[in-house]
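Please keep the structure open while reading.

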Amino acid sequence: MKAMYYEAFGAAPEIRTLPDPTPIPNGVVIKVEATGLCRSDWHGWMGHDPDIRLPHVPGHELAGTVLAAGKGVMRFKAGDRVTVPFVSGCGHCHECRSGNQQVCEEQFQPGFTHWGSFAEYVALDYADQNLVHLPESVSYATAASLGCRFATSFRAVCDQAKVKGGEWVAVHGCGGVGLSAIMIAAALGANPVAIDISDEKLAFARKMGAVAAINARDVVDVAEAVREITGGGAHASIDALGSPATCFNSIKNLRRRGRHVQVGLMLGEHATPQIPMAQVIGHELEIYGSHGMQAWRYDAMLSMMAAGKLQPEKLIGREISLEEAVPALMAMDTATDLGISVITRF
């Protein structure tokens, strides 16, 4: 198979011809039709993820067709259109048995714990527990865009922040995660406020449902700007970027008993950010993480898509080839692209 491959962290990946994968008894091999390019892939390439063992094939947001299934797979067969959460559960640990596969004790992550989807084929374990049947109405590119950013944002907004209609929701960072969170919050009837340093991204965020926008470079205090717009602070706030500044502001801009959800990864030198703990205590703030979403929760998200309330395809910025994904991956920390890049040509 053709695949993107690297042997050292931070070294330029190459396009190589590698052995085709084969399924284990509880797994499948997927013919990849589309796979998203995500900042998490950049973190992995930089060496920020301890699960990655070199050499490596990245890629974790994918959709495609089942090429082959192991003899123990009951729910899926060759030819099925599928997608998969980027965090897959083992199916037998305590967290999986409680329905929380997104924090499985023995989780399987294509592109991190195993070789990923920047390839023509990818092997996925625990297929019956984790694959999601893909409706014919959802394109492969759209399905690939769901796997990490959109699904994680869906859980962050709906399940962790428990956003309700009429609430103010601050979203810090208008990349793929942030734009997804804005669209989902707006679909729930909430009032999203977009925060970024790019006027172009903020204008796009308004098109996705933001009722107000703040350029962090144009204000002295982001948290105060949010308080002014929302009349006292956000009910819920999402750090969709993952930096010391956005994490701090996301907590600081909350009203009393507000909810902060950390979605953007905080790795490397950013792993221990400063937070306003006195405010957390005095205002009884709630702080949550959001790490993917369970396969069984996809039904709710797909139902909202079928009803036209969510249109994740609007977040796709460009479709690229596997070769074009190499420089795109290497430049992700400085990229200014609008929307999500999806690899659709192998």
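The text below takes ring contacts, then the sheet.

The model is predicted: local features need pLDDT of at least 70, side-chain atom pairs count only at pLDDT 80 or more, and totals for chains, interfaces and linings use all residues. Residues are numbered from 1 along each chain as its sequence is written, and side-chain values use heavy atoms, with hydrogens and water left out.

Rings of Phe, Tyr and Trp (its six-membered ring) pair if their centres lie within 6.5 Å; planes under 30 degrees apart are stacked, over 60 edge-to-face and the rest tilted. The count is three aromatic pairs. Among them is the tilted pair of Tyr 6 and Phe 9, with 6.4 Å between centres and 55° between planes. Phe 108 and Tyr 126 are edge-to-face, because their planes stand at 90° with the centres 6.4 Å apart.

The table gives the exposure of these residues; buried means under 20% relative accessible area, exposed over 50%, partly exposed in between (1.4 Å probe, protein chains only).

| Residue | Relative accessible area | Class |
|---|---|---|
| Tyr 6 | 1% | buried |
| Phe 9 | 34% | partly exposed |
| Phe 108 | 2% | buried |
| Tyr 126 | 17% | buried |

Six strands form an open sheet in the order 10-9-8-11-12-13, with parallel pairing. Strands are DSSP runs (E, at least two residues), numbered from the N terminus, and two of them pair if DSSP finds at least two bridges between them. Strand 10 (212-215) and strand 13 (286-289) each have a single partner strand, so one side of each lacks a neighbour in the sheet. Strand 9 (residues 191-196) and strand 10 run parallel, joined by four bridges. In strand 10, Ala 212 stands opposite Val 193.
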